[in-house]
Amino acid sequence: MTETTKTHVILLACGSFNPITKGHIQMFERARDYLHKTGRFIVIGGIVSPVHDSYGKQGLVSSRHRLIMCQLAVQNSDWIRVDPWECYQDTWQTTCSVLEHHRDLMKRVTGCILSNVNTPSMTPVIGQPQNETPQPIYQNSNVSSKPTAAKILGKVGESLSRICCVRPPVERFTFVDENANLGTVMRYEEIELRILLLCGSDLLESFCIPGLWNEADMEVIVGDFGIVVVPRDAADTDRIMNHSSILRKYKNNIMVVKDDINHPMSVVSSTKSRLALQHGDGHVVDYLSQPVIDYILKSQLYINASG
């Protein structure tokens, strides 16, 4: 499979991030490494989306603090970035609505039509539909007016850079030059682009709790988008999936990261990190990056036992 035929992926993680831990960042890294090793995917970006303040979880500090901590945690990453959209809404948003927001945003600003996990889109993903007047999507005086596919250096690359703050190598994306005189039949080069929900096996297990998730939302999350699961504490993901009819139905849309790394819950758990902070435990450095620790101490967060 060539670079241009691989599926391009944006990993999206939703959560409290109260605070964001080293383990959360490691989940992104492990998921990307695993997807790349399959030979089917190219991960071009990662998005951290902290939950809205009205989520109501005990000890949840203001999104203003959580956004800053998340930004500090990813400041040295060239592909993971923090998105504040969920925090800036009037009220709490479902995971499904966050995924749909990012899908619609990608479609709006790049011209991409994002395909489902098992059903690649048959619609051109770059440019305009055949029955619409093409709009300029690329401006470069060096581009020939011939009907050739130009390497993307303009709108799509810039849009992805704004959303994920990572500019993909130019050879991965192509589109038809808007100056091409192709008559009534427009030619496009399709780009497979998907947003996948990144989560731990604990979230996957929560899908099996009756009444906790809206079943229609689960159908969209697992059926339309797909999930990348990083197992924790040697969780039996097959057993978990067998407990849910929806997870069984869309089992092929659930990718479980398989590597040789043991991922103990304590490394990821925000609760463990808060307890370490409250007790003055020096092992807090195992859970949190130093910039996050410094911000927490400066802002006097998580001092009370309730937080």
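The following paragraphs describe the predicted model of this protein, from its overall make-up to individual residues.

Because the model is predicted, local features are described where pLDDT is at least 70 and side-chain atom pairs count only at pLDDT 80 or more, whereas totals for chains, interfaces and linings use all residues. Residues are numbered from 1 along each chain as its sequence is written, and side-chain values use heavy atoms, with hydrogens and water left out.

The protein averages a pLDDT of 77, and 69% of the residues score at least 70, pLDDT being the predictor's confidence in each residue on a scale from 0 to 100. Where pLDDT is low, the predicted coordinates should not be read in detail.

The protein contains 13 helices and eight strands, taken as DSSP runs (helices H or I, at least four residues; strands E, at least two) and numbered from the N terminus. Of its 307 residues, 50% are buried, where buried means under 20% relative accessible area, exposed means over 50% and partly exposed lies in between (1.4 Å probe, protein chains only). Among contacts between residues at least 6 apart in sequence, 75% join residues at least 24 apart.

Six strands form an open sheet in the order 3-2-1-6-7-8, with parallel pairing; two strands are taken to pair if DSSP finds at least two bridges between them. Strand 3 (80-82) and strand 8 (254-256) stand at the edges with a single partner strand each, so one side of each is left without a neighbour in the sheet. From one strand to the next, the twist averages 25°. Within the sheet, strand 6 (residues 193-200) and strand 7 (residues 227-230) run parallel and are joined by four bridges, and cysteine 199 stands opposite valine 229 in strand 7.

Two helices that lie across strands of this sheet are helix 1 and helix 2. Helix 1 (residues 22-38) lies across strand 1 (7-15), strand 2 (41-50), strand 3, strand 6, strand 7 and strand 8, running at about 160° to strand 2. Helix 2 (residues 63-73) lies across strand 2 and strand 3, and runs at about 150° to strand 2. For these angles, axes are lines fitted to C-alpha atoms, for helices over the stretch in contact, and the values run from 0 to 180 degrees between N-to-C directions.

The loop between strand 1 and helix 1 holds both phenylalanine 17 and proline 19. Phenylalanine 17 has a positive phi of about 50° although it is not a glycine, and counts as buried at 6% relative accessibility. The peptide bond from asparagine 18 to proline 19 is cis, with omega near 5°. A positive phi, near 60°, is also found in tyrosine 302, a residue other than glycine, which is placed in the segment after helix 13 (290-299) and is buried at 4% relative accessibility.

Helix 7 (residues 215-225) has several buried residues, among them Asp217, Met218, Ile221 and Phe225. Just after helix 7, glycine 226 takes a positive phi of about 105°.

Serine 244 is found in the loop between helix 8 (237-242) and helix 9 (245-249) and is buried, with a relative accessible area of 6%. A polar atom of the serine 244 side chain lies 3.2 Å from the backbone nitrogen of leucine 247. Leaving aside residues up to four places away in sequence, serine 244 touches Phe207, Cys208 and Met218.

The structure holds zero disulfides, a disulfide being a pair of cysteine sulfur atoms within 2.5 Å. The sulfur of cysteine 14 is 10.0 Å from the closest cysteine sulfur, in cysteine 199, and is therefore too far for a bond; cysteine 14 is buried, with a relative accessible area of 18%. For cysteine 87, the closest cysteine sulfur, in cysteine 70, is 7.9 Å away, again too far for a bond, and cysteine 87 is buried at 7% relative accessible area.

Conventions:
A polar contact is a pair of N or O atoms within 3.5 Å; within protein, one must be able to donate a hydrogen and the other to accept it, and residues adjacent in sequence count only if both atoms are side-chain atoms. Contact means heavy atoms within 4.5 Å.
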